[in-house]
Amino acid sequence: MILAVNNHNNKINFSAEDKKKKSLEYNHDTLLNNNFATRTKIGIDKLTNALTVYPAKGLKGSKNANFYEFLTMGTVPYIIGSITMMSVFNSANKHFAPFAKTKASALGQKMALGVLFYGLLKSASKSLVSKPVQMITGIDTERPYAKVIYELPDDINDTDITSIEHHKVFESVEFPRWDLLYGDEAKGQKRNYRYDKIAKKLGMGENLNDSDQEVKPRIKEIVIKTNLAKNISSYLWAATGVGIAFQKPWENFFNVMTFKFWKGKEFKKCLQSFGHNFVESVKDFWKGEGKGFSKHAGKALVGAAALTTVLGVINAVSHKSTNTKNTVNKNEGYVVS
């Protein structure tokens, strides 16, 4: 009887293990393609977990809660704060007189649009630096990867002890995931083929014996410079987005704005109005109003954002050679430069 019970339990365990393996999307840390579909999937996965899984783990005091989950949940107060900022101003409109209500509604809607543009341009503008750097150097500073985390079981019957985190290869400048950039020789890939491509683009030569060791210091330098450029320029582009959102042409859009996508004609008119008034708002922001600095403030902000982006890319890809000719002092027995 004891043997029969043991065999039965073993079958259950193996079955559960097989089922778990089949359900896993990744069984080891995996380099991912940096494209729109992947970024969208990662964004949805992070937001979903930040709203559901991670808070639940924190509330019950799970020993598997970690710093990555804490940082990921930081998007929740950002979203809640943005929605609150949009709603607080607009929710008071119903208490105003008709004329004041119209003025307040227009301002409140522009404020809501400004919050939206701030977030979108702050995120999207980083590609204005990272993509040119990638094209010139072959280094994708935003390359994502999926990290497999093996957790501790919360109870004796817990078999779901694997989770997936999404990180970037150069998330840590001190400790990049160099190992993920090596080719898989089992798939017929040359071990250093990615490093070979980078070395060639950087003008360091071809068919190097140890291209990985040659380019790693240069990659770190480029990543640091690129991150600085992204941080500076993204806030200027975000401020530009807020400025565009407060232009007068948007009031025409708010008159026809609708989220009822099932009403085809109305929704199509809304989209057309958005595109038209966006262009007009950009023009008005560039032209400016009034006199003196206020008239040219839009030009100054756009110019500063564009300038920091261009200079950031130039600084990231430029490199002052520090190579010196080494000679051997035979009498002393060491290398001098």
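This is a predicted model: local features need pLDDT of at least 70, side-chain atom pairs count only at pLDDT 80 or more; totals for chains, interfaces and linings use all residues.
Me: At roughly what angle do the axes of helix α9 and helix α11 cross?
Reply: Residues are numbered from 1 along each chain as its sequence is written, and side-chain values use heavy atoms, leaving out hydrogens and water. Helices here are DSSP runs of H or I with at least four residues, strands are E runs of at least two, and both are numbered from the N terminus. Find α9 at residues 211-245 and α11 at residues 264-287: their axes (lines fitted to C-alpha atoms over the stretch in contact, with angles from 0 to 180 degrees between N-to-C directions) come within 8 Å and cross at roughly 105°.

Me: How are α9 and α11 oriented to each other?
Reply: Thr240, Gly243 and Ile244 of α9 meet Phe278, Ser281, Val282 and Phe285 of α11, counting heavy atoms within 4.5 Å as contact. Angles of 65 to 115 degrees count as roughly perpendicular, under 35 as roughly parallel, over 145 as roughly antiparallel and the rest as oblique. So α9 and α11 are roughly perpendicular.

Me: And how are α7 and α9 oriented to each other?
Reply: Their axes sit 8 Å apart, and the angle is about 150°. On the α7 side, the contact uses Leu128, Val129, Ser130, Val133 and Thr137, while α9 brings in Ile222, Thr226, Ala229, Lys230, Ser233 and Trp237. α7 and α9 are therefore roughly antiparallel.

Me: Which element gives the most to the lining of the largest pocket?
Reply: A pocket is an open set of points on a 1 Å grid over the protein atoms alone, with protein on both sides within 12 Å along at least five of seven lines, and its lining residues have an atom within 4 Å of a point. This one is lined by 45 residues, with Lys46, Thr75, Ser123, Lys126 and Lys168 nearest its centre. Elements giving two or more residues include α5 (75-91), α6 (98-124) and β3 (162-168). With 8 residues, the top contributor is α2.

Me: Which element has the lowest mean pLDDT?
Reply: Across the protein chain the mean is 83, and 82% of residues reach 70 or more. Residues 1-22 stay under 50, with 2 contacts beyond four places in sequence, and residues 324-330 are below 50 too. The highest mean belongs to α7 at 95, and the lowest, 43, to helix α1.

Methods: On a 1 Å grid over the protein atoms alone, a cavity is a set of points where a 1.4 Å probe fits but cannot get out, and a pocket is an open set with protein on both sides within 12 Å along at least five of seven lines; lining residues have an atom within 4 Å of a point. pLDDT is the predictor's confidence in each residue, from 0 to 100.
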